[in-house]
Amino acid sequence: MRKKVELMILAVFTGIFHSLVFINPLEKEVAIGEVFLQLSGSRGRFSLGYSIAELLCFFLCLMPGLLLLFFLGLRLYGHFCTASIYVFCRYTKRIVWYRKVVLSLIREIVLFQITFLITILLCSELRFNLYWMEQDEKIIIFHFLSFLLWNLLWIMVMNLISIEKGSSQGILFVMGIQMGMLGCLSLINNLNRQGVEIEIIHGLIRCNPISVLVTGWHKLGPLTEENIGNRTFLSPIVSLGILWIATLTVLIYGGIRVAKKEIIVENMEWREG
């Protein structure tokens with residue numbers, strides 16, 4: 001219960017910060033869908049671009065997910081380090097235990113995201129006049145599901161690598177991969193200046209997993225299709241499908257490794273030191 005309270009406090013504080021820093025509509029009235037677009041890099045009605053400044057802003061938009069990663073990214077690893085001898089001696093069905101841990105992680109991610117988004121909407125309502133548009137439902141659902149799957153994917157990856165290599169290696173790997181994907185987007189400005197065909201650039205964007213999180217780049221109704229300065233259109237179904245397959249693959253692999261992994265008697269990093 002204490003961990004859930006701490007998680008909700010984290011969500012409230014990050015929600016207040018994001019509402020004050022990133023929700024800046026061009027007018028005093030703003031559609032709820034536009035609020036969600038700005039949570040993934042859009043500036044008012046301008047969609048996310050590829051400049052270093054815009055991508056840095058986008059990185060800051062992703063900070064709640066990174067904080068959640070540090071909060072939950074060692075949960076499974078912690079069981080192996082501190083309680084595995086008790087868990088696996090008394091709980092012979094490891095897959096059943098693993099499934100319960102994964103479901104617990106999913107519940108906590110959902111709790112964090114709902115608290116975070118509600119906080120943002122409440123703070124935005126105090127500052128602006130929010131109103132509902134027909135396409136907002138699609139934008140909200142896509143934004144929620146994409147960030148849910150993204151956070152679950154990397155939390156599981158970090159847990160599994162930590163079990164195999166230690167917590168430091170898990171953190172470095174996940175942070176390095178995400179920074180690399182973000183850095184690849186910054187190369188697009190150079191490609192534009194060199195006259196590379198737009199179809200090739202769009203292909204590179206579609207191949208970059210982090211593009212899934214840019215809600216404004218997806219076909220989600222008039223608000224996104226008419227977004228000023230729109231760079232490209234991504235299919236929300238394809239994006240969520242790719243995330244779902246990647247997450248499911250990691251979850252299945254995790255179940256296999258947990259079923260076979262020997263008990264960690266001591267913390268690897270203490271042993272290495």
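Colleague: Is Glu34 buried or exposed?
Modeller: In this predicted model, Glu34 lies in helix α2, which spans residues 32–38. Leaving aside residues up to four places away in sequence, Glu34 touches Pro25, Gly44, Arg45 and Leu223. Since buried means under 20% relative accessible area, and Glu34 has a relative accessibility of 7%, Glu34 counts as buried.

Colleague: What share of the residues of the protein count as buried?
Modeller: The secondary structure of the protein comes to 14 helices and 2 strands. Among contacts between residues at least 6 apart in sequence, 77% join residues at least 24 apart. Of the 273 residues of the protein, the share that count as buried is 49%.

Colleague: How many nonpolar residues does the contact of α3 with α9 have?
Modeller: The crossing of these two helices, α3 and α9, is right-handed. On the side of α3 the contact is made by Ile52, Leu55, Phe58 and Phe59, and on the side of α9 by Met179, Leu182, Leu185 and Ser186. Sorted by class, the contact of α3 with α9 has no charged residues and 1 polar residue, and the number of nonpolar residues is 7.

Colleague: What is α4 to α8, in terms of the angle at which they cross?
Modeller: The axes of helix α4, residues 63–72, and helix α8, residues 136–165, come within 10 Å and cross at roughly 40 degrees. That angle therefore makes α4, relative to α8, oblique.

Colleague: How many polar residues are in the contact of α4 with α8?
Modeller: In a right-handed crossing, α4 passes α8. The contact is made by Gly65, Leu68, Leu69 and Leu72 of α4, together with Asn151, Trp154, Ile155, Met158 and Asn159 of α8. Divided by class, the residues of the contact of α4 with α8 include no charged ones and 6 nonpolar ones, and the number of polar ones is 3.

Colleague: Which cysteine sulfur is nearest to that of Cys57?
Modeller: A disulfide needs a pair of cysteine sulfur atoms within 2.5 Å, and by this rule the count comes to 0 disulfides. Cys57 is in no disulfide, and the nearest cysteine sulfur, 4.7 Å away, is that of Cys61.

Notes
Residues numbered from 1 in each chain as written. Predicted model: local features only at pLDDT ≥ 70, side-chain atom pairs only at ≥ 80, totals over all residues. Heavy atoms only, no water. Left-handed = near helix turned anticlockwise from the far one by under 90°. Helix = DSSP H or I, 4+ residues; strand = E, 2+ residues; numbered from the N terminus. Contact = heavy atoms within 4.5 Å. Nonpolar A, V, L, I, M, F, W, Y, C, P; charged D, E, K, R; others polar. Buried < 20%, exposed > 50% of the residue type's maximum accessible area, 1.4 Å probe, protein only. Axes fitted to C-alpha atoms, helices over the stretch in contact; angles between N-to-C directions. Parallel < 35°, antiparallel > 145°, perpendicular 65-115°, else oblique.
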